[in-house]
Amino acid sequence: MAFWFVISKLFYAYVIPSIVCQSFYSFTLHSCAYILLVITCPVLILASLELFRGVLQNGEDNYKWARREWRLLDALIKDVKYVSESRRKIDEKAHQIRDSQLRLPGVTERISDAEKNWVEITKKLIREEGCNQIFGRQRKRSEILMPVYFGNLIKFHADLYQIKLLIRDHIRNKETDARDIYKSLEISRSIVRRLQDRPLEEHKSSVYKRAEPTLSIEEKLNELIAKNQGSERIQYSIKLPLTLLLAFLRDLEGLKFESETEMAWVKEAEEIIHEVEHDIDSIQSMSWIPPFLYAKPQLHRCCIWVETVIWDLFERKDKYGFTFISRDRSRSVRLPQSPACPPQAIDCTGATSLLDNIKNQLNQEPIKVANHLNQLRTKIELVYQLLGDAEAAKGIKHSREAWTDQFNNIVRDAENSLRTYRRSSVSRRIKRQKKTDPLAKFSKQIGRLNNALEVLEICIKVCRIELREETNLVVGLEEDTHEVISQLTNRGENCSTLCIVGMKGIGKTTLAKKVYNHRAIHHHFEFRAWVSLPDEVADDNELENIFGSQIMPTTVKPNAKDQYYWIREVHDFLWDKKYLVVLDDISTKEEWHTLKSAFPNSTNGSRIVLTTRYKDVASHVNQNSVSHQLRLRTKDESWDLFTQVVRLPSETSQPEISPDVDIPKVKKIAEKVVGRCGGLPLSILRLGYLLSGTKRVTSEELSRVLEHTDHNQTPWLETLELNEKDLPSHLRQCLSYFGLFPRDSEIPARRLVALWVAEGLAIPSGDELEPLESVAKKYLSELIIRNLVQVVEKKLNGKVKRCGFPSALRELWLQRYSRSSLVQRLIICFDENDASSSNNHASSTYIQNKLLSCRRPPSMLYFDSREGNKPGEDSGNLLRKGIARGHLLQLQVIDLEHVFRPQLPSTIRRLTHLTYLSLRWTFLETIPSSIGNLVNLQTLDVKHTCIRTLPSSIWKLLKLRHLYMDQIYRSKIEHHPRGSFLPDLQTLQGAFVDKDSPLKDGLHSLANLRKLILAFQLKCSEQEVFAESLLELKHLQFLKLKSIDEMGRPQDLMVKCLSGLEKLSSLYLFGKLDPSIIKDGFLQSLTELTLSASRLSDDPIPELEKLRNIKSLSLYSGSYIGNSMVCSIGGFPQLLVLKFWMLQELEQWTIEQQAMPKLKQLEIRSCKRLRVPTGLSHLKNLRELKLKDMPVEFTAEIKESSKEQMWGDIAISPAIIIDRQ
């Protein structure tokens, strides 16, 4: 079309004048007629071509408009179909486990009837034959302009126009019948996402990557503007809207689209950019034609089209109401939402000046000019406010920059226009020129600026990315994922097998999927295959068919007569490939025996992964196999998973929930419900299905769930039966001991280990002289590995802090074993919050009956969570009566932990068999001096009490091995009789030493100490003597020293060279250190080192990194007061954990190549001046980066940087945990 249009104009411009000149000299009547004909024909041809071009252009515009709307509607239908299908599957699961007694609301939220009717009409419309024929495939431009070579032109465009009318009317109906259709879909999609299997399988096509035109259009546009200098029309009609759109597409890059509608909108945006690029190329390729013939008309049309179509694109997004969503996939700690921040100041210094100028000018101009200026001022103020609000928006960095730049351009041009208009007006009045009124030009410029501000306004409103918390995260498998990937990629070239073992519902398939889909695995293995095996198969042939059909290409047809056909085919297919094959849910040794011959014994690093519930299957796999045992989730991990699948009310959800909802009560019951799940993900997900129909869960619904659900006992029963076969008797005893604690107890591992040792349950194997505490810890680890015990909470160093007996498993175990040999223990349990526990209203009768029913018990465990004085009185009465009547004289263990201020009678001296007395967390104020008569006592725990002084009779306890005191109250021991000491004492924790303490000069007498934790307030000369006595403790393994003043503030800490303490492995020093101790005082045997308040001015890392065996290093507040730090090549070869807390002066940290090669966990907390470390990508094995209370700029740079920018070529990037408080 452009070609014929140009030819006609050239003919009219050059040929016609030549003919006219020749005819002038031979003018005749015949010549006049001829000239008239020659002039008229081209004019008619030109007019016809122009009319035809207009018709085709109108048809093309109609096509593009209708195609865009058809695509969006078609995408909507696909989204409705996906959500409906996913919802149906979740409904089925929910109904399978739903208890009719629960009477909970409907399962998932659905669209309204009006929305449903509108959707059905939409389906008919997009499936209508005419629509499918026109929009069902991508058409070339020539097919739109000249369909079937002009043959069906009229019919094509008539049909197109009718379709446009139908679509337009249907969209208008949406405003009344289905205004919130996308909101309804989003709610349903959110529920579905919460409950879908983890990890969520997302197609690669859903991750947005900008198309080629969006990368090249800007350069071409700048060239066009350079060739048309001074063209404000191009600047505001083409460049501004395109710049805004391109910036938003840059922000979208890498985003995972969650709906077809998002993808359709972006595809339409890219096609608009492609069309603009095509027009620019066309204009530049025809530069040999005079501009007034082609370039200027084409630019004029392009300006109108671009401005209109991009405005329409933004408007459609606003009217359709869908949202681009960015999921925060880092494990961030969620805090209560802070109050709304006021609009932020933006870098638009000219806006205020312009607004002031306009305000001053308004009263000096006629009404017409004043109206223009007032309109401009209103729009500038509105956009300026929107820009301020947008400063807080996340994930739109490029858009914010583009908005600010374009706004500044508009402000600058408006200032220039206003200045020019004022100058022209003054000049015109002085010279009284009769030229064109400057108001006309000014009005045109202001109109263009107003249009630009409108485009900017709608762009700021609709071009947003909503940052949401990811509700389909895999929880608690981060360490497992890294471990399994490392084993698959770093275990040599021989083909090997890795087994993922764990009980049903613990996450074996989830872990395998997460590993299977990981980028590092994609890059490492040439071929990957996933094989899902059924629970049962009829015979080997069926198993082989299932196996082969999931590995081999679909074109392969099996030979039914050949029994081993699939085994040979798979073997030959995998022969020359570096493969990874996952066999999910293999259940018998025979299944593995049938399938293993299909895998070539290659030497190219191929791997096989098995998931199984059965340890005997894992051990049956060949000798090169490795088993990876999964554990139950911790309390925090369980809560994270629960809050993903269940929507709880919170302070930030007001006024969405009723003001009568007791949010703390809801959370408390919810925590109890989650606790009953025992850390099993399957049980937690079942809660999600049960509660999926509630907008916000209430305490009543949670109470019904707690009362009526069995929390899926099937997997627990299976686990119990599998373990019963090979569970040793000593582990049975230890597991039964858990049954002595009340239901839902969270038991400190320290308490459990101490009780097992005191009860004689920890028995060393063989002739080994292993400490009993170590034996007990091994027992606990074995029970955890077997999924019989849940790790409720971990310490900062990853060790077990608290553990529990899963509720369903506890019930099953007690039904079978009824505490058996432990039945003689005296268990007292009071809990006023639990109606199913003992009778709290008749405590005296209850205690009397307990004493009568349990004669001469070896142990007494007292559990009482009541408040007030009653627990102390009841426990005191029990001890007095029991001792007086002789019932308790054989007691070896008394555990009163958490019983508020028990009244210990003086007759406690008669309990001469007592070996263990725990008064921790009792807040007891005194302890009877008769404690010295307990000559067999080995453990005395008075930590977290208010006891300031222990009686001197303590020195009589010659068998005492562990003494725990309260450091907060500066607990002391009275002076001991001359010559008395504690020869067997191995643990002394929490003691306070001052000038009057017997420990100041007598510490050396405690020669068997293994663990020493104490604080002191001593002069430097006294510290000198004290430090000398420390060096005589040759068995010391753990040492923590705090040098403080009377207010608890750090002071100078004198430490001698510790080279003589060859067994010392863990050291914690609090106080100002002499720098020489860093250089010469530490042992190579150290594995853990913590420094706090050391006030070191020189970088300590060059000396500390020479400690070849150190695995954990913590530098806490004030330990280093310099501003730079360097970890050099080869430093810290064994370091696993590194923590920087409150290093207020630290600004720069450099990590060189090959430094800390094994570092797994890095925590940075409250280092306010620190910039993002240089060389993070050198930490190849880093698995977790935790940031707490760090500047927003720091965390933003970590999160917003691409993986390549931040982590370089690290195959497995670390999990990022951000705690903003």
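Accessible areas here come from the Shrake-Rupley method with a 1.4 Å probe. With that in hand, welcome to the tour; the model on your screen is a predicted one.

**Stop 1: the whole protein.** Show everything as a surface to begin. The protein exposes about 57700 Å², and carbon and sulfur atoms supply 51% of that area. Of its 1221 residues, 52% count as buried. Now switch to cartoon: there are 39 helices and 30 strands to find your way through. Among contacts between residues at least 6 apart in sequence, 69% join residues at least 24 apart.

**Stop 2: a pair of helices.** Select residues 635-645, which form helix α23, together with residues 681-690, which form helix α25. Their axes lie 9 Å apart, and the two helices pack at an angle of about 25 degrees. Angles under 35 degrees count as roughly parallel, so α23 and α25 are roughly parallel to each other. The crossing of α23 past α25 is right-handed. Next, show side chains at the contact: on α23, pick Ser 638, Leu 641, Phe 642 and Val 645; on α25, pick Pro 681, Ile 684, Leu 685, Leu 687 and Gly 688. Colour them by class and you will have seven nonpolar, two polar and no charged residues.

**Stop 3: Val 800.** Move on to strand β10, residues 800-804, and select Val 800 within it. Leaving aside neighbours within four places in sequence, Val 800 is in contact with Ala 749, Ile 784, Val 791, Glu 793 and Lys 795.

Methods. Residues are numbered from 1 along each chain as its sequence is written. This is a predicted model: local features need pLDDT of at least 70, side-chain atom pairs count only at pLDDT 80 or more; totals for chains, interfaces and linings use all residues. Side-chain values use heavy atoms; hydrogens and water are left out. Axes are lines fitted to C-alpha atoms, for helices over the stretch in contact, and angles run from 0 to 180 degrees between N-to-C directions. Helices (H or I, at least four residues) and strands (E, at least two) are DSSP runs, numbered from the N terminus. Angles under 35 degrees count as roughly parallel, over 145 as roughly antiparallel, 65 to 115 as roughly perpendicular and the rest as oblique. A crossing is left-handed if the near helix is turned anticlockwise from the far one by less than a right angle, and right-handed if clockwise. Contact means heavy atoms within 4.5 Å. Ala, Val, Leu, Ile, Met, Phe, Trp, Tyr, Cys and Pro count as nonpolar, Asp, Glu, Lys and Arg as charged, and the others, Gly among them, as polar. Buried means under 20% relative accessible area, exposed over 50%, partly exposed in between (1.4 Å probe, protein chains only).
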